[in-house]
Amino acid sequence: MSSWTPHLPALQVVVPLMTAPLVVLMGDRRLAWAMTTAASLCALAIAIALVGEVGEQGTMVYEMGSWAPPYGIALGVDAMSALLLLVVAGASTLGLLAAATSVSTEVEHQRQPHFYAAWLLALAGLSGILVTADAFNIFVFMEISSLSAYILIAGGPDRRALPAVFKYLAMGTIGATFYLIGVGLVYMMTGTLNLADMEQRLADVGDAEPILVAAGFITVGLALKAAIFPLHAWLPNAYTYAPNVVTVFLAACATKISIYVLIRFDFFVFQANLTEHDWQFSYFLMPLAVLGILIASAVAIFESNLKRLLAWSSVAQIGYIILGASLISVTGLTASMLHMFNHSIAKGTAFLALTCLALSISRLELKNIGGIAKQMPWTMAAFVVGGLSLIGVPGTAGFISKWYLISAALEMGDLALPLVAVILIGSVMAVIYVWRVVETAYFAKGTGVVAGDTIREAPLAILLPTWIAVLLNIWFGLAPSLPVELSGNAAELLMGHLR
Amino acid sequence: MEYLGLYNYWIAVVLLMTGFYAVIAKRNMIKKLIGLSLFQAAVFLLYITMDKVEGGTAPIFTADGAGQIFSNPLPQVLILTAIVVGISTTALGLAIVVRTKEEYGSIEEDEIQQMDGQETDSNEGSPKNSDFFVSARKPRAEDRNV
């Protein structure tokens, strides 16, 4: 096994990428599911091994085809990417375990092998973004993951998935093309695509106009992909009309990977070379983060479709992640990384619970779940834990990242009070929108059941992954040393690049 | 004159903005896709332009090739990849348009929004005169359905 260790960064991408065409060849949907899940489990094992390796030896660098960088393409895994690899592979695996029960209600049987192939390509693309150290490679993997995400979302049973995914496609392509323009301009000035090499060569041309323009294009493009507040228009409908398990997978990791690229590009390449770039970065992103937290939470409070409610909550949570990063301090970045990890567990749990609900209820509207907790106690209990974690109640994973975020805000001097107030108001709003669901499910009279729905507890096969996610919420709420350590290392790595 | 000499960049910018405008302003899905393709093509031109060295030739080493000037081949290779990505995006977009036409009988976003009724995302903004357009177009949409 040990001789395989140096190749793990490459295998992380190669395994799902190579399995995808094989899955298409499988005619049988059960066989296709089994292969996909096996590949995803394999990816999860590789991610766990990589976390161990990164913990031992620091950053791992892999030279593709033994071509030395900057001429060859290098892969690199550090604390930051290892943490998110865990998120991506974990979300994919839990989603797939739930898919065994759930997908057949939403995707036709003969289309399922293609559906799973697209899933694996999305997994390969997202992992590829995380392992690569090359700016253009990031673009290619971003498009692989986006294109397969469009296919997965368009697989939704509701016809409204189509306009939703078209909007996502248009906005996502504009975002990726903006990124491409930015990379092109940096390449024009430096002649390199390797991120580490870029940082060094930029020192000569730091404040040149093309570089400033490139920084703008890259930031805005990735903000579009990451659904940072005013650019989030594609997200609520895309998440709402996607097949339920796809929402679990994408809500847990897709936007966070774009935030990862944004933070990585900014800190590794630009922060060290542009004058006062840290201030510009903060002044641009902090107001957007604050607005995102407040407005998106408010919209979530008034939303009656359960999936869209959680989707708006995702927009708000992206605000917390960006807020942490925009503080530009070790604690702030730690909070940001931690929240990426913890929010994906919390939101994954909540969406998994909705996936269970969807097996009994044809329309996931608030008015249809009156008193449903009596018939589906395990499902609703899972939703409650996911909701508590979203709010940030002590004992759940969400608390840890909110705690770090507030500590980071308190370091900010004059800004401390308003920022803490925003975080607390956002959390109170989360209490309201989670409570609306919980109140209806537990205390309302069961009146609004749609004709033809027979409500019964979800089968064990889907409750199992849901409750694994629930236990992860509690586990990382009580023993958070692993994500905290990785996030801390990542934050120090990032801050080390600051001028 | 110096600025006119950079005409390739000017063309790239004009194409970029034309495509961007079409994606944002047009309500017809095919027109949006055309805009998206233009938008991407502009970036291809930007990359191809920056690798051009005045008097440069193809990067092939000859036996007596000392002092030869080459154009940088790397951006061209990069853009080859980007073209493939662009084609895939357009193909997928067109597939979605076909599916939309099958499901809704229309590829006008106004009409689709109308059909989805109140459940459509509110932040799309309701276009003015939508009633007029729908009433004018509705018979045609029904004809196509038959």
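This is a predicted model: local features need pLDDT of at least 70, side-chain atom pairs count only at pLDDT 80 or more; totals for chains, interfaces and linings use all residues.
Chain B contains five helices and zero strands, and its elements, taken from the N terminus on, follow the order α-α-α-α-α. Of the 146 residues in chain B, 23% are buried. Among the contacts in chain B with a separation of 6 or more, 49% are accounted for by residues 24 or more positions apart.

The contact between the chains draws 24 residues from chain A and 28 residues from chain B. On the side of chain B that touches chain A, at least two residues are supplied by each of α2 (29–50), α3 (74–104) and α4 (109–116) of chain B, and α3(B) gives the most, with 13 residues. By residue class, this side of chain B comprises 15 nonpolar, seven polar and six charged residues.

Two packed helices are described by the angle between their axes and the distance between the axes. For helix α5 (residues 135–154) of chain A and α3(B), the axes come within 11 Å and cross at roughly 10°; since angles under 35 degrees count as roughly parallel, α5(A) and α3(B) are therefore roughly parallel to each other. From α5(A), the contact involves F136(A), V140(A), E143(A), L147(A), Y150(A) and A154(A), while α3(B) contributes L78(B), T81(B), V85(B), S88(B), T89(B), L92(B) and I96(B). The residues of this contact of α5(A) with α3(B) divide into nine nonpolar, three polar and one charged.

In soluble globular proteins, nonpolar side chains tend to be buried together.

Within chain A, helix α7 (residues 195–205) has L195(A), D197(A), M198(A) and L202(A) as buried residues. The buried residues of α7(A) are covered by elements of chain A including α5, α6 (161–190), α8 (209–226) and α10 (244–270).

Conventions
Residues are numbered from 1 along each chain as its sequence is written. Chains are lettered from A and ligands numbered from 1 in the order in which they are written. Two residues are in contact if their C-beta atoms, placed from the backbone, lie within 7 Å. Helices (H or I, at least four residues) and strands (E, at least two) are DSSP runs, numbered from the N terminus. Ala, Val, Leu, Ile, Met, Phe, Trp, Tyr, Cys and Pro count as nonpolar, Asp, Glu, Lys and Arg as charged, and the others, Gly among them, as polar. Axes are lines fitted to C-alpha atoms, for helices over the stretch in contact, and angles run from 0 to 180 degrees between N-to-C directions. Angles under 35 degrees count as roughly parallel, over 145 as roughly antiparallel, 65 to 115 as roughly perpendicular and the rest as oblique. A residue is buried if 20 or more other C-beta atoms lie within 10 Å of its own, exposed if 12 or fewer, and partly exposed in between; C-beta atoms are placed from the backbone.
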